[in-house]
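Thanks for making the time this morning. I would like to walk you through one model and the two ligands placed in it, so please have a look at it first.

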Amino acid sequence: MKSSKTALPLPEKLPRHIAFIMDGNGRWAKKRLLPRKAGHRAGVKVMRNIVDECFTLGIPYVTVYAFSTENHNRPQEEIDALFALLKEYFSEFFDDLMKKNIRVLTIGDLSYFPNDLQEDIRTAVLKSAQNTRGTFSIALNYGGRDDILQAVNQAVKGGQTVTTEEFQKFLYTADLPDPDAIVRTGGEKRISNFLLYQCAYSELFFTDTLWPDFDKKELLRIISEYGARDRRYGKVKS
Ligand code: IPE
Ligand code: IPE
Ligand code: MG
């Protein structure tokens, strides 16, 4: 057995920002002959546990991809089920994050969501704005192309060219550092329009595990692999 020293990731090797593409809920449900929404329900529970685990480990920024701009194209029944789940869990989850001194942010175009849900989200964001232990951000109706385009449109209004630093302030992720690690569950090896600008130097992790089966053990394995990777940013190895 490994000693606890080698089994746990070293704090300085932890990602500062970890982001999850939570994929595989539908297939998880299908395997169990359940409706897809049962997979989403199971997925929300896992999301809460994994997010909590990340903050407990000391990762300050945690982002989850919950609804993409392309997910609009799903059957209305599934979209309604996702909205209902968000509504059901949002208040409870955010109360929990509030107690844990975690700030809540959303990225994406919220105007697509029902008014009452938008209201719940805005309230949580406002109420938690001064929290200092960590930042949880949830991507809702988020698309990387949409993010870049809305940022460009804001930038051109100024009538002048902008620097990289100025441009980043127009992105939905203005308050977040770039993700150090992006984890995709569910077996697909693609980004699916997530954080396209921000992922330039992210370390990518793909696992076949379906999101509702993702657990702490696998999270720790990924974090420990992250710690072993050599991030060169185009330079030569130091
Ligand atoms: C991810 O799971 C959750 C959302 C996109 C909302 P899926 O619903 O895409 O599950 P699969 O990929 O069909 O298994
Ligand atoms: C990515 O999963 C979006 C979210 C997890 C919210 P999808 O299931 O929508 O992605 P594709 O269709 O497999 O690329
Ligand atoms: Mg999917």
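Before I count anything, helices here are DSSP runs of H or I with at least four residues, strands are runs of E with at least two, and both are numbered from the N terminus. On that basis the protein has eight helices and six strands, and, read from the N terminus, their order is α-β-α-α-β-α-β-α-β-α-α-β-β-α. The radius of gyration, taken over C-alpha atoms, is set against a globule rule of 2.2 Å times the number of residues to the power 0.38. For 238 residues that rule gives 18 Å and the protein comes to 18 Å, so it is as compact as a globular protein of that length.

A word on provenance: this is a predicted model, in which local features need pLDDT of at least 70 and side-chain atom pairs count only at pLDDT 80 or more, while totals for chains, interfaces and linings use all residues. Residues are numbered from 1 along each chain as its sequence is written, chains are lettered from A and ligands numbered from 1 in the order in which they are written, and side-chain values use heavy atoms, with hydrogens and water left out.

Let me turn to ligand 1. Of the 13 residues around it, counted when a heavy atom lies within 4 Å, those that come nearest are D23, G26, R27, R36 and R74. For polar contacts (pairs of N or O atoms within 3.5 Å), a polar side-chain atom of R27 is 2.7 Å from an oxygen atom of ligand 1, and one of R36 is 2.8 Å from an oxygen atom of this ligand. Helices α2 (25-31), α3 (36-57) and α4 (76-99) each supply at least two residues of the shell around ligand 1, and α2 gives the most, with three residues.

Notes
A polar contact is a pair of N or O atoms within 3.5 Å; within protein, one must be able to donate a hydrogen and the other to accept it, and residues adjacent in sequence count only if both atoms are side-chain atoms.
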